Amino acid sequence: MDKDPIELTVDYWLTREHHEEDRKDLEQYRRFTLAKIIFIAVCLIIAVIVSGYAISIGEYTISFFTTYERIWEHITGNIVDSTDDYVVWELRLPRVLGGLLAGSALAVCGVAMQSMLKNPLADTYTTGISSGASLGATLAICAGFTFVNGEYGIIVNAFLFSLIPMMMILSISKMNNASVTTIIMAGIAVMYLFNACNTVLKLWATDEALANVYSWSVGSLTGLTWSDVAAMALFVIPGILIIQVISNQMNKMMLGDESAKALGVEVERFRLFCLLVTSLVAASVVCFTGLIGFIGLVCPHIARIFIGSDNRLLIPASASCGAALLLFSDVVGRIIIAPNTLQVGVVTAFIGGPMFLYLIMKSKQQRW
Amino acid sequence: MVSISSIVIRGLNFSYDSNHILHDIDLELEGAGLICIIGPNGVGKSTLIKCMNGLLKPTSGEIIINGTPISEYTLKELSEFIGYVPAASSLSFPMSVIDSILIGMKQIDRWRQDPDDVILAYRSLRVMRMESMALRNCNSLSAGQTQKVNICRGLVRDSEILILDEPTSNLDVKHQLFVADFLQRLSHRTGSLVIMISHDLNIAARFADNVVVMKEPGVVDSFGPPQDIISEEMIREVYSVNSSIIQVNGRPHVILDSAENW
């Protein structure tokens, strides 16, 4: 007996035995995923190559390939050339590792905030974290107000103050049922408020303090030490791992609060948790490097253009893209006006800006 | 899916701040079948279904799902057996159609994509005749195509209860007929309870096993099989629209005439 087409469709949907076309579908999906993994691999390779180059340049030159040998020798405890080893391991590697950590952390924070707030403009600036850190640093430099004395005064200040906007945003959004737009608007309001405080502080600052505040506000990897890198890593590495682990729920959040709830995500609690983790990670980077703009906003979008927005792959992709772009910018900043150094924050904007504009214009379909 | 699903609502009231939306709703939905909720705009149809799947917490009254009050379930537990297709969904970011379906699935493995999930997602697209769009960007789809993808996202959950908010509103007539017919047959074959809001009286009349009619100011006017419920008087009372009803294959068919007032 002939069945009508709708009955056949129900049959097709309900019988779960495999068809020939399933194999083709799976094959198509695997190729599609492979392309994404290739993007991640390319970014990682670029990061490794740029790292080697970054270590090799400077007043004391070491050849590109030798740098990898020296690192390997140090790890295996078989040091041949102690001068090389000192330059590579003590002087240059902290800066490079710090750059890799900072780049990946800022990019991952960008992804997490964008997915969480369903807003492509969300990053450490629009949520007020950067301006909070900035105010903390300015207070330390201009007014001498610090929570702890000594060399870490500025850093601790920046860290603690960067948490204030987050707490304000969270309490405002709790009162208001945590709509996404509320959070972004609260973040921007806090940003303006803190920037105004900053400006007021700078009115009475000495020239020296102003120069100091300036160099902090453009961001730089100069002077990072092993202990800085270790402190940064303490927050950054677990933070990125946590964000990766919750990437599935983050995907559901992108469908909107209602859909996410219907898929079993406790939306408000989850958003709180994510904001807390991303703030800690972002603050731990910003307080050591100063304000490095653009990485957090742009790297996630560059990665989205290539691999789409599935957070499970987007997070590693943005992390590797951020690490590569930040380190590359640092190298460019060091060689372009040598012997002077152009701060990395400026270079990221100079490289990232046009690159991003090009990608937006090149992509024909509407993406956002 | 052998168990019989049931949603029992007793004395349900719901208010947004001072705005009283739902008034003393009593309803018992049980067993397999397609249930259509019809009624004028703003009468609380979406609010009612959002109370049923735990998205909104009732101001008073109780909702009992499969014998247990809804407040005793976590959102995660509810999501295990209630699927939900919202009226509209938008992704703020570029994502392929297939990935957007996969993120709605019950992923057990965190790191690896289960091939069976991928196959099921593709199959749902085939059901909706959308398989050629699998790798397209969601944001480049038309409203109707987006709606079909939303329905796919509901189908792949294989849930005992599926709730859809106006799943046919952006679809052309052929797709409207297909979706309603498919959902009805699916519910009978699997024993699942499918609840959908519809504005098309004839879709409801033709495919629903039971119809819930809601009217101002947020009450249930009547509940029962369309043959008993859909009448000229009901349409005049609920919508203030004159109509005549003819019988087609034992089901009422509404021919709308004119609005009584505006």
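**Chain A fold and the chain B sheet**

Modeller: In chain A, 75% of the contacts with a separation of 6 or more join residues 24 or more positions apart; two residues are in contact if their C-beta atoms, placed from the backbone, lie within 7 Å. This is a predicted model, in which local features need pLDDT of at least 70, side-chain atom pairs count only at pLDDT 80 or more, and totals for chains, interfaces and linings use all residues. Residues are numbered from 1 along each chain as its sequence is written, and chains are lettered from A in the order in which they are written.

Biologist: How many helices and strands does chain A have?

Modeller: Chain A has 15 helices and zero strands; helices (H or I, at least four residues) and strands (E, at least two) are DSSP runs, numbered from the N terminus.

Biologist: And how many residues of chain B are in contact with chain A?

Modeller: On chain B there are 37, and they meet 38 residues of chain A. Helix 6 of chain B gives the largest share of its side, seven residues.

Biologist: Changing topic: what is the strand order of the open sheet in chain B?

Modeller: The order is 6-7-8-3-9-10, with mixed pairing; two strands pair if DSSP finds at least two bridges between them.

Biologist: Which strands stand at the edges?

Modeller: Strand 6 (82-85) and strand 10 (219-224) of chain B do, each with a single partner strand, so one side of each has no neighbour in the sheet.

Biologist: In which sense do strand 3 and strand 9 of chain B pair?

Modeller: Strand 3 (residues 33-38) and strand 9 (residues 210-215) of chain B are parallel, over four bridges. B:Cys36 stands opposite B:Val211 in strand 9 of chain B.
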